[in-house]
Amino acid sequence: MNLLPLNKALSTPTKLEKTALLFCVGLSVIAFLFPELLTEHLQPAINKILGYLGSPFFILVNLLLFSVIAIAISPLGQRKIGGAQALVEFSTFGWLSMLFAAGMGSGLIFWGVAEPALHTVNSPLKQSLYPNHQTSGLALTLVNWGAHAWARMHGRSMQYLAWY
């Protein structure tokens, strides 16, 4: 199996990719060395953005979910990735097993308890719209790990497979 892309230009990192990598590594180093600094400055910004966006943010997430479902049931969902001569390497059951293992292993095991607890203690939603922190914490967790997460995972797998 050839794991290298057919197009050599895809294997060479661009300036944007190098900049993004440098930004992520720099932010990770700052977060590791000075966690209080990052918490004091970044968390209020995130809370302000989520407080400002509020319901439109959740409406956008739902629109993205419905658009992925619409693409899946449309004729575009029947297109074969890799061309007409491409061979199927894994069965449907194999793909579903891999998606399930990736989702459960990386997400639910680590965040299954932490995320609802975090949102219950410090809810990013507006207090006036969502007065009960426990309910809003579980609702946010369901948005992050429910059908929306599976739609994102499906979209990412389709993006990845489009290049190989």
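Select cysteine 24 first. At 46% relative accessibility, Cys24 is partly exposed; that class lies between buried, under 20% relative accessible area, and exposed, over 50%, with a 1.4 Å probe and protein chains only. Cys24 sits in helix H2 (residues 15-33). Helices here are DSSP runs of H or I with at least four residues, numbered from the N terminus.

Residues are numbered from 1 along each chain as its sequence is written, and side-chain values use heavy atoms, with hydrogens and water left out.

Colour by confidence next. pLDDT is the predictor's confidence in each residue, from 0 to 100. The protein has a mean pLDDT of 80, and 91% of its residues reach 70 or more. H2 has the highest confidence, at 90, while helix H1 (residues 8-11) has the lowest, at a mean of 53. Where pLDDT is low, the predicted coordinates should not be read in detail.

Go to helix H5 and pick glutamate 115. Is Glu115 buried or exposed? Glu115 is buried, with a relative accessible area of 7%. Leaving aside neighbours within four places in sequence, Glu115 is in contact with Leu140, Thr141, Asn144 and Trp145. Contact means heavy atoms within 4.5 Å.

Now show the largest nonpolar core: Phe58, Val61, Leu125, Leu140 and Val143. Such a core is a set of buried Ala, Val, Leu, Ile, Met, Phe, Trp, Tyr and Cys residues joined through side-chain atoms within 4.5 Å. Helix H4 (55-73) and helix H6 (133-145) each supply at least two residues of this core. Centre on Leu125. Not counting residues up to four places away in sequence, Leu125 touches Phe58, Tyr130, Ser136 and Leu140.

On a 1 Å grid over the protein atoms alone, a cavity is a set of points where a 1.4 Å probe fits but cannot get out; a pocket is an open set with protein on both sides within 12 Å along at least five of seven lines; lining residues have an atom within 4 Å of a point. Grid points join across faces, edges and corners, and a volume is the space filled by probe spheres set on the points.

How many cavities of 30 Å³ or more does the structure hold? There are two.

- Largest cavity: about 40 Å³. Select Gly103, Met104, Leu108, Trp145, Ala149, Trp150 and Met153, which line the largest cavity. Helix H5 (92-121) and helix H7 (147-163) each give two or more residues to this lining. The lining has six nonpolar, one polar and no charged residues. Ala, Val, Leu, Ile, Met, Phe, Trp, Tyr, Cys and Pro count as nonpolar, Asp, Glu, Lys and Arg as charged, and the others, Gly among them, as polar.
- Second largest cavity: about 30 Å³. Leu50, Gly54, Ser55, Phe58, Leu125, Lys126, Leu129 and Tyr130 line this cavity. Five of these are nonpolar, two polar and one charged.

Finish at the second largest pocket, with about 350 Å³ of space. Of its 16 lining residues, Ile46, Leu50, His119, Pro124 and Asn144 lie nearest the centre. Which helix gives the largest share of the lining? H3 does, with four residues. By class, the pocket lining has ten nonpolar, five polar and one charged residues.
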